[in-house]
Amino acid sequence: MSSAATALIWWIIPILGLMGGLAYVLWISKFQGRYRSETQRSVGQFQRFQDSLRDSQARDSAKDVTPGAIAPDPESSQ
């Protein structure tokens with residue numbers, strides 16, 4: 001390999017590393033906050049969904065157990 005190619009490699013690798021580092025710092029400073037807030041919003045929506053599902057299941061099970069109701073005989077359905 002010629003000395004010009006070797007020198008070019010010694011310039012390209014640090015420049016690419018510097019550009020990658022700058023891109024990472026840019027992502028941290030600009031986009032990570034937005035990404036985190038969108039993630040938190042998604043987690044919040046999922047938790048609200050779980051809570052509503054839990055509430056609806058509790059209401060349904062409360063409707064099934066009415067006071068004074070007679071439970072069906074399991075052997076009569078066979």
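A helix, as the term is used here, is a DSSP run of H or I spanning at least four residues, and helices are numbered from the N terminus. The structure on display is a predicted model.

**The whole chain.** Begin with the entire chain selected. The chain contains 1 helix and 0 strands. Of its 78 residues, buried ones make up 1%. The chain exposes about 7300 Å², and carbon and sulfur atoms supply 64% of that area.

Is I28 buried, exposed or partly exposed? Its relative accessible area is 33%, so I28 is classed as partly exposed, a category that lies between the limits of 20% and 50%.

**The aromatic pair.** Finally, move to F46 and F49. The count of aromatic pairs comes to 1. F46 and F49 form this pair, which is tilted, with 6.4 Å centre to centre and 35° between the planes. The angle falls in the tilted class because stacked planes are under 30 degrees apart and edge-to-face planes over 60. How far apart are F46 and F49 in helix 1? They are 3 residues apart, and therefore separated by about one helical turn. F46 is partly exposed, with a relative accessible area of 47%. F49 likewise counts as partly exposed, at 47% relative accessibility.

Conventions. Residues numbered from 1 in each chain as written. Predicted model: local features only at pLDDT ≥ 70, side-chain atom pairs only at ≥ 80, totals over all residues. Heavy atoms only, no water. Buried < 20%, exposed > 50% of the residue type's maximum accessible area, 1.4 Å probe, protein only. Phe/Tyr/Trp six-rings, centres within 6.5 Å; stacked < 30°, edge-to-face > 60°. Helix = DSSP H or I, 4+ residues; strand = E, 2+ residues; numbered from the N terminus. Areas by Shrake-Rupley, 256 points an atom, 1.4 Å probe, with all protein chains shown as cover.
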